[in-house]
Amino acid sequence: MKLFVKELTVIDSSYLCERRGMVGDSWLVDIEMGGELNEMSMLLDFGRVKKLIKSIIDNEVDHKLLVPADNALLRRGAQADGALTVDWLRAGRSIHLHAPAEAFAFIPGHQIDKESLTAYLMDVLARHLPDNVNDLTLTLRHEKLDGAFYHYSHGLKKHDGNCQRIAHGHRSPIELYVDGERDSELEYAFAERWSDIYLGTREDEVALDSLSLGVDAAVATAQTHIAFAYVAPQGRFELAMPRGDVEVIDTDTTVELLAHFIAREVKAQVGEKFLKVVAYEGVGKGAIAWA
């Protein structure tokens, strides 16, 4: 006997990649479970399935920076305050963080992909499932998109949940309507602009030498990197990113304000025509703005 749950949850996180740097992504999670019926003639109550497995996945990887624990580019260190430093030593485009430990998930392997993340979650889940569940299949997949999309990372210091973490992200479609007609050319152009981007808030920009990063962050300079820092309910977050991988905007990076930002930027290209922007934050949610 098997139970299945489609789209149990969505993992919105960012990960470190040798080629692409910091990549925001969104994975849909499907599960199947097999085992023996319990005394209620059920394998497992659906409500319990959703609550238990979703909470484990959320706690382990959602709204975190996923780091390939066995990659030679990685340096990490523990700080006296319980925070961690993470240095990703890509030649000329290194990434450096100092953040609370819960902002990271260290995934066994040399790269973050669906296979390594699935294996990690399967191992964690196997330790928490009831004894009568003896078979578990977990599938990570991307939302099927017909049009343009981009990957972005950010942090929201005013958020009282896990969105405050300075390096989490999303895989997000974009829809642009000009005088009521969808304009795919404009969509793909903006998606290219924000391909694997870090969106920083100008208010959070700080001098690079003010950060308390690991010793390996010495490769970063004010000419090559831009620095951000803020204090949120979970602690102090610090980040140094290659300048070419960042766009700094004058507001917070909530999806509502990102929709307004996109509208202002694209409006300059369409002139007097009426513009509608549908901006997504990952899967199935977002904001609409007009200009």
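**Close-up views of a predicted model**

**View A. Lining of the second largest cavity in the predicted model.** The residues L65, L97, A99, A103, F104, R165, I166, A167 and F237 form the lining of the second largest cavity. This cavity has a volume of about 30 Å³. By class, its lining comprises eight nonpolar residues, no polar residues and one charged residue.

**View B. Lining of the largest cavity.** The model holds two cavities of 30 Å³ or more, and the largest cavity has a volume of about 50 Å³. Its lining consists of G155, Y198, L199, G200, T201, D204, F228, Y230 and T253. Strands β12 (197-201) and β14 (225-232) each contribute at least two of the lining residues, and β12 gives the most, with four. Four nonpolar, four polar and one charged residue make up this lining.

**View C. The largest pocket.** The volume of the largest pocket is about 150 Å³. It is lined by 13 residues, of which Y15, C17, E18, Q111 and I112 are the closest to its centre. Strand β1 (residues 2-17) provides the largest share of the lining, three residues. The lining divides by class into six nonpolar, three polar and four charged residues.

**View D. Packing of helix α3 against helix α4.** Helix α3 (residues 184-193) packs with helix α4 (residues 255-270) at an angle of about 130°, and the two axes are 12 Å apart. The two helices are therefore oblique to each other. The crossing of α3 past α4 is right-handed. On the α3 side, L186, F190 and R193 meet F261, I262, E265, V266, Q269 and V270 of α4. This contact contains six nonpolar, one polar and two charged residues.

Note on methods: Residues numbered from 1 in each chain as written. Predicted model: local features only at pLDDT ≥ 70, side-chain atom pairs only at ≥ 80, totals over all residues. Heavy atoms only, no water. Axes fitted to C-alpha atoms, helices over the stretch in contact; angles between N-to-C directions. Parallel < 35°, antiparallel > 145°, perpendicular 65-115°, else oblique. Left-handed = near helix turned anticlockwise from the far one by under 90°. Contact = heavy atoms within 4.5 Å. Nonpolar A, V, L, I, M, F, W, Y, C, P; charged D, E, K, R; others polar. 1 Å grid on protein atoms, 1.4 Å probe; cavity = no way out; pocket = protein on both sides within 12 Å on 5 of 7 lines; lining within 4 Å. Points joined across faces, edges and corners; volume = space filled by probe spheres on them.
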